[in-house]
Amino acid sequence: MQELARLSSMAAALLDAAAAVAHFACIFWGARGLRLLGAGERIAGLAEAGHWYPPLISAAIGSLLSLLAAYALSGAGLLSPLPGLRLVLALAGAVFLARALAAPWLRPLFQGNSARFWIVSSAICLALGLLHLAAALGR
């Protein structure tokens, strides 16, 4: 069970870090990057207009994902134990799963986001949710 938790933590850390990099890259890519990732024309238009919101939300999400990557690395034993490690991993898993499962109800609220965005981001959230929960349960 501990080996599964360690492997789940390492996979979660890798996916968390990749998602964080994608969000940070959108700060520099601007509207083109946001469109590539399927964030929607509303957000891309704000980025083109130089609005503060797209880079701020990208930085906030990237920072949160970076923190989760650190917790996952801690869960894998590659970093020193972080405070509330099991609780943070379990909460992250629950939030990611909730986001993946709530996509059909969230989609009408964010109509500018592409179908690709909803499919890809929901699949990633499902994987991250399962990995974080496996990491938490194995601790």
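The legends below describe close-up views of a predicted model. Local features are given only where pLDDT is at least 70 and side-chain atom pairs only at pLDDT 80 or more, whereas totals for chains, interfaces and linings use all residues. Residues are numbered from 1 along each chain as its sequence is written, and side-chain values use heavy atoms, with hydrogens and water left out.

**View 1. The largest nonpolar core.** This core has 9 residues: A19, A20, L65, L68, A92, F96, A100, C125 and L128. A nonpolar core is a set of buried Ala, Val, Leu, Ile, Met, Phe, Trp, Tyr and Cys residues joined through side-chain atoms within 4.5 Å. Buried means under 20% relative accessible area, exposed means over 50%, and partly exposed lies in between (1.4 Å probe, protein chains only). At least two residues of the core come from each of α1 (2-29), α4 (53-75), α5 (85-101) and α7 (115-137). The largest share, 3 residues, is that of α5. Helices here are DSSP runs (H or I, at least four residues), numbered from the N terminus. Another core, of 5 residues, lies apart from the largest one and includes Y71, L85, L89 and A135. In soluble globular proteins, nonpolar side chains tend to be buried together.

**View 2. C125 in helix α7.** C125 is a residue of helix α7 and one of the members of the largest nonpolar core. C125 counts as buried because its relative accessibility is 11%. Along the chain, C125 and L101 are 24 residues apart, and their C-alpha atoms are separated by 8.9 Å.

View 3. W52, Y53, L56, I57 and I61 make a nonpolar patch of about 470 Å². Patches are made of residues with over 30% relative accessible area and no salt bridge; nonpolar side chains (Val, Leu, Ile, Met, Phe, Trp, Tyr) are joined within 5 Å, and like charges within 9 Å. The accessible areas come from the Shrake-Rupley method with a 1.4 Å probe, and for residues only the protein chains shown count as cover. I61 is found in helix α4. With a relative accessible area of 34%, I61 is partly exposed.

**View 4. The largest pocket.** The space in this pocket is about 1,300 Å³. A pocket is defined on a 1 Å grid over the protein atoms alone, as an open set of points where a 1.4 Å probe fits, with protein on both sides within 12 Å along at least five of seven lines. Lining residues have an atom within 4 Å of a point. Grid points are joined across faces, edges and corners, and the volume is the space filled by probe spheres set on the points. The lining consists of 40 residues, of which H23, I61, R99, F117 and S121 lie nearest the centre of the pocket. Two or more lining residues come from each of α1, α2 (31-36), α3 (41-48), α4, α5 and α7. The most is given by α4, with 9 residues.

**View 5. The salt bridge of E3 and R6.** The structure holds 3 salt bridges, and one of them joins the side chains of E3 and R6 at 3.0 Å, N to O. A salt bridge is a side-chain nitrogen of Lys or Arg within 4 Å of a carboxyl oxygen of Asp or Glu. E3 and R6 are separated by about one helical turn because they are 3 residues apart in helix α1. E3 is partly exposed, at 43% relative accessible area, and R6 is partly exposed too, at 31%.

View 6. R35 meets E41 in a salt bridge of 2.6 Å, N to O. R35 also forms a salt bridge with E48, the closest N and O atoms being 3.1 Å apart. The latter pair links distant parts of the chain, with E48 in helix α3 and R35 in helix α2, 13 residues apart. Shared partners join R35, E41 and E48 into one network. E48 counts as exposed at 54% relative accessibility. E41 is partly exposed at 46%, as is R35 at 31%. Side chains of opposite charge can pair when their charged atoms come close.

View 7. V21 lies in helix α1 and counts as exposed, at 55% relative accessibility. V21 and S63 are 42 residues apart in sequence and 9.5 Å apart in space, C-alpha to C-alpha. A69 is found in helix α4 and is buried, with a relative accessible area of 8%. From A69 to R99 the C-alpha distance is 18 Å, and the two residues are 30 apart in sequence.
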